[in-house]
Structure formats: structure tokens, C-alpha cells
Amino acid sequence: IKNDGMETNCMVTKNKRETKGGFVMKIIMLGAPGSGKGTTAKVLAERTNLPHISTGDMFREQIKKGTELGKLANSYISQGNLVPDEVTINIVKDRLGWEDAENGVILDGFPRTIKQAEALALILQEKGKQVDIVPELVVPDQVIIDRILNRATCSNKECGAIYNTKFKPSKVPGVCDKCGSALVTRTDDNEEAIKTRLEVYRENSKDLIAYYKEKGVLVTITPENPNAENSTEQVINTILEAIKR
Ligand code: AMP
């Protein structure tokens with residue numbers, strides 16, 4: 001992990017990346033759909049006080065609202081394909097301009113292509129910043145497919161809790177433990193779209209992984225037992241340890 005490029009305008013406490021207000025980090029979660037990157041990003045956001053920015057969530061919000069962007073995005077998402085780079089880069093650029101993203105962010109699902117990674121590097125560079133750490137979750141395909149087919153997500157976007165009807169069910173079926181909202185199945189969580197999504201990930205991730213490895217920020221994490229109850233916790237600890245190194 002590179003130690004240069006850290007912020008100097010903050011009170012440094014426990015370690016160089018932890019400030020009184022939280023962490024100062026640009027984190028990118030990499031991993032196939034269903035690898036647990038979304039769940040990990042959410043917990044990590046709570047622990048680090050950084051905003052969790054998921055391009056998938058942003059698109060789903062637009063789809064729900066029925067906007068033009070939502071309609072366009074849905075035509076790709078429903079097939080398991082990537083939304084075009086220009087569209088995706090624009091929404092991320094806009095989101096990174098918000099005040100809450102000033103100190104740092106946890107990006108989940110972005111970048112997915114080298115073009116997006118290069119655009120992100122430029123956006124950050126303009127602010128005198130850079131990507132600090134890129135945890136990559138490696139989980140076997142069979143675990144992923146099984147997970148996605150049993151995935152249920154809270155319909156309340158403020159909550160967005162993720163369940164697995166097999167391994168991590170909600171207490172009351174179809175109802176979120178945390179906020180009581182209905183649980184829904186993502187429209188792209190069907191077998192056909194999953195196959196495409198995994199292929200698309202495999203195709204693009206090789207270059208992305210090489211790109212961040214070369215920059216010295218990649219941390220590859222292979223959870224020992226990805227379906228174990230404490231797996232997310234173990235992954236989080238590994239990431240927090242890597243941040244402190
Ligand atoms: P996710 O919730 O991250 O699995 O994303 C769901 C879907 O949204 C993906 O399968 C893509 O169709 C689309 N999407 C999300 N992020 C991106 C991105 N960075 N680039 C292109 N498409 C994206």
C-alpha cells in the first residue's frame with residue numbers, strides 16, 4: 001500500500017489515515033457480483049465514516065424513479081451488460097463532487113473498466129488525490145451463483161441491507177430485520193443475467209486488477225469460508241489491517 005498522497009489538513013490520531021472525524025481514504029471494492037463487495041462496503045462505510053458509493057445502487061434508484069437515465073441504464077442492466085462508460089463516469093464524477101466525498105469514499109462497483117479507472121484517476125488527480133487501497137474479494141463461482149440466486153435486498157434505499165434466504169435469512173421472511181421494509185429480488189439476479197455478469201466481470205477485471213497491482217494498492221482477499229457468519233467481519237478486519245500498514 002502506498003503511503004504517499006495522504007491528506008495533511010486533518011488531525012492525525014491513531015495512524016496516518018485515521019483522523020478525528022473518521023478515515024481519509026479513497027477505497028475501491030473489487031470483486032465479482034455476489035462476492036460480498038457490497039455487504040463489505042456497507043459495513044466498512046459504517047466503521048470508517050466514509051460515504052458508500054455504489055454505481056449499481058445509483059442506477060437502481062434512477063430506474064425506480066423512472067428517469068431517462070434510469071430507462072437507459074435498465075436496458076443494459078437487465079441483460080447483465082455494463083452501462084456505457086461515459087454515462088457511468090458522469091454520474092460518478094458528479095457524486096464525487098458532493099461535500100461528503102471530500103475526505104474519502106468507498107467505491108463499490110466502480111470502476112469496472114480501464115477507461116473508468118483512468119477517468120477516476122483524473123478526477124482524483126484534479127483534487128490532488130489518488131486511490132489509496134483496492135481490496136479485491138476472490139470467491140468461487142459456485143458460491144457466487146448460489147448466493148445471487150438466494151439474494152434478497154431491503155427495498156428501503158437508506159437501509160439497503162442484504163440477506164441470503166439460505167445462509168443469512170431475515171427473521172421474518174420477506175421483511176428487513178433492520179428497518180421493517182419489504183425485501184426484494186433484484187431483476188438482474190436471475191440465472192441468465194448472472195452468467196453474463198460473471199463473464200463481463202472476468203473479461204474486465206483482469207486488466208483492472210493488473211492496473212491497481214501496478215499502482216501498488218491492490219489487496220487480494222480470499223475469504224476462508226465465504227458463507228460463514230463471521231466472514232464479512234474477517235474481511236473487514238483484513239482491510240482495516242491493510243489500511244493501517
Ligand atoms: P452492481 O449492483 O454493482 O452489481 O451493478 C448492477 C449493474 O449495474 C451491473 O451489472 C451493470 O449493468 C450496472 N453497473 C454498475 N456499475 C457499473 C459500472 N461501473 N459500469 C458499468 N455498468 C455498471
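Visitor: What makes a residue part of the lining of the second largest pocket, and which residues lie nearest its centre?
Guide: In this predicted model, the second largest pocket is lined by 12 residues, and A121, Q130, V131, Y211 and K215 are the ones that lie nearest its centre. They count as lining because each has an atom within 4 Å of a point of the pocket. The pocket has a volume of about 180 Å³.

Visitor: Which elements give two or more residues to that lining?
Guide: These elements are α5, residues 114-126, and α7, and α5 gives the most, with four residues. By class, the lining has seven nonpolar, two polar and three charged residues.

Visitor: Why is the contact of R47 with E233 called a salt bridge?
Guide: The side chains of R47 and E233 meet at 3.1 Å, N to O. The cut-off for a side-chain nitrogen of Arg and a carboxyl oxygen of Glu is 4 Å, so the pair qualifies as a salt bridge. R47 belongs to helix α1 (residues 37-48) and E233 to helix α8 (residues 231-244), and the two residues are 186 residues apart, so that distant parts of the chain are linked by this pair. A search of the whole structure finds 17 salt bridges.

Visitor: How do you know that β3 and β5 pair, and in which sense?
Guide: Strand β3 (residues 26-31) and strand β5 (residues 105-108) share four bridges in the parallel sense. At least two bridges are required, so the two strands count as paired. One of the residues involved is M29, whose bridge partner in β5 is D108.

Visitor: In what order do the five strands of the open sheet stand, and what makes β4 and β10 its edges?
Guide: The order is β4-β5-β3-β6-β10, with parallel pairing. β4 (52-54) and β10 (218-221) each have a single partner strand, so one side of each is left without a neighbour in the sheet. From one strand to the next, the twist averages 20°. Helix α7 (residues 191-214) packs on this sheet, where it touches β3, β6 (134-137) and β10, and its direction makes about 145° with that of β3.

Visitor: What makes the three-strand sheet open, and how is it paired?
Guide: Its order is β8-β7-β9, and its pairing is antiparallel. β8 (162-164) and β9 (183-184) stand at the edges with a single partner strand each, so one side of each has no neighbour in the sheet. Strand β7 (residues 151-154) is joined to β9 by two bridges, and C154 stands opposite L183 in β9.

Visitor: Why is the peptide bond from F110 to P111 called cis?
Guide: Its omega is near 0°, and P111 lies in the loop between β5 and α5. Most peptide bonds are trans.

Visitor: What is the phi of N49, and where does the residue lie?
Guide: Phi of N49 is near 70°, a positive value in a residue other than glycine, and N49 is placed in the loop between α1 and β4. Most residues other than glycine have a negative phi.

Visitor: With which residues is Q79 in contact, its neighbours within four places in sequence left aside?
Guide: Q79, in the loop between α3 (68-77) and α4 (85-96), is in contact with A193 and T196. These count as contacts because heavy atoms come within 4.5 Å. Q79 and D188 are 7.2 Å apart in space, C-alpha to C-alpha, although 109 residues apart in sequence.

Key
Residues are numbered from 1 along each chain as its sequence is written. This is a predicted model: local features need pLDDT of at least 70, side-chain atom pairs count only at pLDDT 80 or more; totals for chains, interfaces and linings use all residues. Side-chain values use heavy atoms; hydrogens and water are left out. Axes are lines fitted to C-alpha atoms, for helices over the stretch in contact, and angles run from 0 to 180 degrees between N-to-C directions. On a 1 Å grid over the protein atoms alone, a cavity is a set of points where a 1.4 Å probe fits but cannot get out, and a pocket is an open set with protein on both sides within 12 Å along at least five of seven lines; lining residues have an atom within 4 Å of a point. Grid points are joined across faces, edges and corners, and a volume is the space filled by probe spheres set on the points. Ala, Val, Leu, Ile, Met, Phe, Trp, Tyr, Cys and Pro count as nonpolar, Asp, Glu, Lys and Arg as charged, and the others, Gly among them, as polar.
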